[in-house]
Amino acid sequence: THHPMNDNDMAQFSVLVVDDNKENLKVVSNFLKEKGYQIALALNAQDAMNILRENEIDLVLLDIMMPEVDGYTFCRQIKETEALKDIPVIFLTAKTETADLVEGFHAGGVDYITKPFHKEELLVRVNNHLMLSYAKKHIERQAEQIRKINRTKDRLYSVIAHDIKSPFANISMLISTIAEGYLEPGSPEYDE
């Protein structure tokens with residue numbers, strides 16, 4: 001199967017960036033645009049949730065400190081939504097918040113990137129988690145195919161077993177009839 005690795009292939013991945021600071025949104029989206037990712041931007045959790053519900057998003061970059069609904073709370077909401085729970089969330093955090101990152105991991109985040117953003121680090125972390133997520137989905141698809149094949153095989157075996165059992169049941173009955181002396185050796189019935 002095709003593994004998306006070079007920059008042209010990155011266009012099939014979409015990243016949602018959620019930050020109440022427009023300057024941060026601009027910086028991060030410029031980094032991601034250079035790599036060819038499809039980008040969605042949101043200034044708050046409500047807009048972000050609408051985007052997630054209406055679009056196929058592969059990864060979320062999420063600011064921790066936002067007014068109204070903060071990043072931790074929003075990450076929990078994503079993880080509690082069946083259709084969205086497998087989307088990896090990377091927290092965007094100010095250096096001072098790094099002590100609180102344990103809470104971020106408990107909320108369901110997979111990683112974090114500290115501000116001010118370092119372009120190469122951000123791109124490597126985004127790429128790594130997209131690849132991990134892609135590989136996981138690929139493995140789940142293969143596992144489902146194997147389960148399907150096994151179900152078909154089991155059905156086939158039970159049909160074969162049934163088809164084989166019928167003639168054997170007749171043969172077995174005939175042998176016991178002979179063994180119990182109901183058929184006289186040499187008689188026409190016996191020869192038949």
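Partly exposed residues have a relative accessible area between the limits for buried (under 20%) and exposed (over 50%), with a 1.4 Å probe and protein chains only. The model is predicted: local features need pLDDT of at least 70, side-chain atom pairs count only at pLDDT 80 or more, and totals for chains, interfaces and linings use all residues. Residues are numbered from 1 along each chain as its sequence is written, and side-chain values use heavy atoms, without hydrogens and water.

**View A. Salt bridge between E23 and K26.** A salt bridge places a side-chain nitrogen of Lys or Arg within 4 Å of a carboxyl oxygen of Asp or Glu; the structure holds 12. Here the closest N and O atoms are 4.0 Å apart. Both residues belong to helix α1 (residues 22-35), three residues apart, about one turn of the helix. Helices (H or I, at least four residues) and strands (E, at least two) are DSSP runs, numbered from the N terminus. E23 is partly exposed because its relative accessibility is 47%, and K26 is partly exposed at 49%.

**View B. Salt bridge between K115 and D63.** The N to O distance is 2.8 Å. The pair links distant parts of the chain, with K115 in strand β5 (residues 111-115) and D63 in strand β3 (residues 59-63), 52 residues apart. Both K115 and D63 are buried.

**View C. Salt bridge between R76 and E103.** N and O lie 3.8 Å apart. R76 in helix α3 (residues 71-79) and E103 in helix α4 (residues 101-107) are 27 residues apart, linking distant parts of the chain. Relative accessible area is 32% for R76, which is therefore partly exposed; E103, at 36%, is also partly exposed.
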